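Hi,

Here is the structure I said I would pass on. Have a look at it first, and my notes on what I found follow below.

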Amino acid sequence: MIHKSSFVNIIGFPNVGKSTLINSLVGKKISIITKKPQTTRHRILGIIDESDFQIIFSDTPGIIINPISPMQRIMMQYVEKSLEDADIVLFMTEMRKFHFMEKKYFSFILNPIQNRNIPIIILINKIDKIGIEYSEKLFYETIDYWHKFIPNSEILPISALKKINQDLLMNKILGLLSEHPPYYPKGILSDKSERFFVNEIIREKIFFFYYKEIPYSVEVFTEKFNKNEIEIDIFSSIYVERDSQKNILIGNNGNSVRKLRFFSIKEIEDFFKKKVSLKLDVKVCKNWRSNYNKLKSFGY
Ligand SMILES: Nc1nc2c(ncn2[C@@H]2O[C@H](COP(=O)(O)OP(=O)(O)OP(=O)(O)O)[C@@H](O)[C@H]2O)c(=O)[nH]1
Ligand SMILES: [Mg+2]
């Protein structure tokens, strides 16, 4: 039997819907989603397989043109690596007016892949917004822009949220897979650990409940994850950069962190399908985003 396997890497600017798509493709929420840009900080693999194929999807952080902090630089290394090892690139974008999107930005994306002549599918996401937030005219302008900018590329309008054209996308990907034995043991959903998913679920709730720079100043690190037949006992530390942020996170009489804990437990239970007991501790780790050693210890 011929077996096919390929790395299908999702790349794009922040907030276009990359994580929403990978979750929808693998059928489980392995990557957190928020309304705010720069939510995803890691490269996260989502793997699906059948007896005769295995597709390794990669979610990646949104492209930052001028990364400033060491953390942002590491995030962009994940994107670069993902461009290097892709067998197929899904470049995701949205309908927009193009005055910000200077062409020079795209050499970052196109150079590594065009040299290797690998297929790129341009996904125009959020087409469910046509007629609501975006005009049909803008939709056709967007298609036209990409046709002119990357001639011969495949362009597919989709909605990751509403699963519009997902079957079409899957069929295109299946048609492009290369003959190769499976890269990972069959049945593995992701390369990430159980602790990683806990960290991310808590981080998603922080994005939801806190404002401004707080979610960006936070890192979650799960110190303890003990699972038995019935329940999981978890202890996670939440690191912020300053004392003032710690106070905000905890809130008056601990009200804010209690709410965070409550909603985190709900989702962690849903993810692992087990009862969860969760202890949270808020700590200050000054300027962790700028400290390579700290970043390394957090798994970057
Ligand atoms: N209307 C609509 N909204 C969408 C669609 N796909 C994603 N979104 C929304 O867009 C926002 C960003 O989605 P994400 O999946 O987190 O985007 P991302 O590209 O992973 O963002 P970063 O990780 O920050 O780079 C969320 O509010 C999603 O609900 C879609 O097809 N239609
Ligand atoms: Mg994301």
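Asn-226 sits opposite Asp-233 of β8, and bear in mind throughout that this is a predicted model. That residue pair belongs to a stretch where β7 and β8 run antiparallel, paired over eight bridges. Three residues make up the hairpin that joins β7 to β8.

On its other pairing, β8 (residues 231-240) runs parallel to β9, with 10 bridges between them.

How much of β8 is buried? Eight of its 10 residues are, so the rest of the structure largely encloses this strand.

Now for the metal. Ser-19 (OG) and Thr-40 (OG1) coordinate the magnesium ion (ligand 2), at 2.0 to 2.1 Å. These two come from distant parts of the chain: Ser-19 is in helix α1 (residues 18-26), while Thr-40 is in the loop between α1 and β2 (44-50), 21 residues apart. Are these two residues buried or exposed? With the cut-off for buried at under 20% relative accessible area, Ser-19 counts as buried because its value is 9%, and Thr-40 does so at 7%.

Nine of the nine residues of α1 are buried, so the helix is largely enclosed by the rest of the structure. Among them are Lys-18, Thr-20, Asn-23 and Val-26. The cover over these buried residues includes β1 (4-12), β2, β3 (53-59), β4 (88-94), β5 (120-125) and α5 (166-176). Just after α1, Gly-27 has a positive phi of about 80°.

Helix α4 (residues 136-149) gives another picture. Its 14 residues reach 20 Å from the first C-alpha to the last, close to the 20 Å expected at 1.5 Å a residue. Buried in α4 are Leu-138, Phe-139, Thr-142, Ile-143, Tyr-145, Trp-146 and Phe-149. They span an arc of only 155° around the axis, so they lie on the same side of α4. An α-helix has 3.6 residues a turn, so residues three or four places apart point the same way. The face of α4 turned away from the buried side carries Glu-136, Lys-137, Tyr-140 and Lys-148, which are exposed.

One residue of α4 to zoom in on is Phe-139. Phe-139 is buried, at 11% relative accessible area. Which residues does Phe-139 touch, leaving out those up to four places away in sequence? Met-95, Ile-127, Ile-130 and Pro-157 are its contacts. Phe-139 and Ile-124 are 15 residues apart in sequence, and their C-alpha atoms are 8.8 Å apart in space.

Cheers

Technical notes: Residues are numbered from 1 along each chain as its sequence is written. Chains are lettered from A and ligands numbered from 1 in the order in which they are written. This is a predicted model: local features need pLDDT of at least 70, side-chain atom pairs count only at pLDDT 80 or more; totals for chains, interfaces and linings use all residues. Side-chain values use heavy atoms; hydrogens and water are left out. Donors are N, O and S atoms within 2.8 Å of the metal (3.2 Å for Na, K and Ca); water is not among the atoms, so sites may look incomplete. Helices (H or I, at least four residues) and strands (E, at least two) are DSSP runs, numbered from the N terminus. Buried means under 20% relative accessible area, exposed over 50%, partly exposed in between (1.4 Å probe, protein chains only). Two strands pair if DSSP finds at least two bridges between them. The expected span of a helix is 1.5 Å times one less than its number of residues. The arc is that of the directions from the helix axis to the C-beta atoms. Contact means heavy atoms within 4.5 Å.
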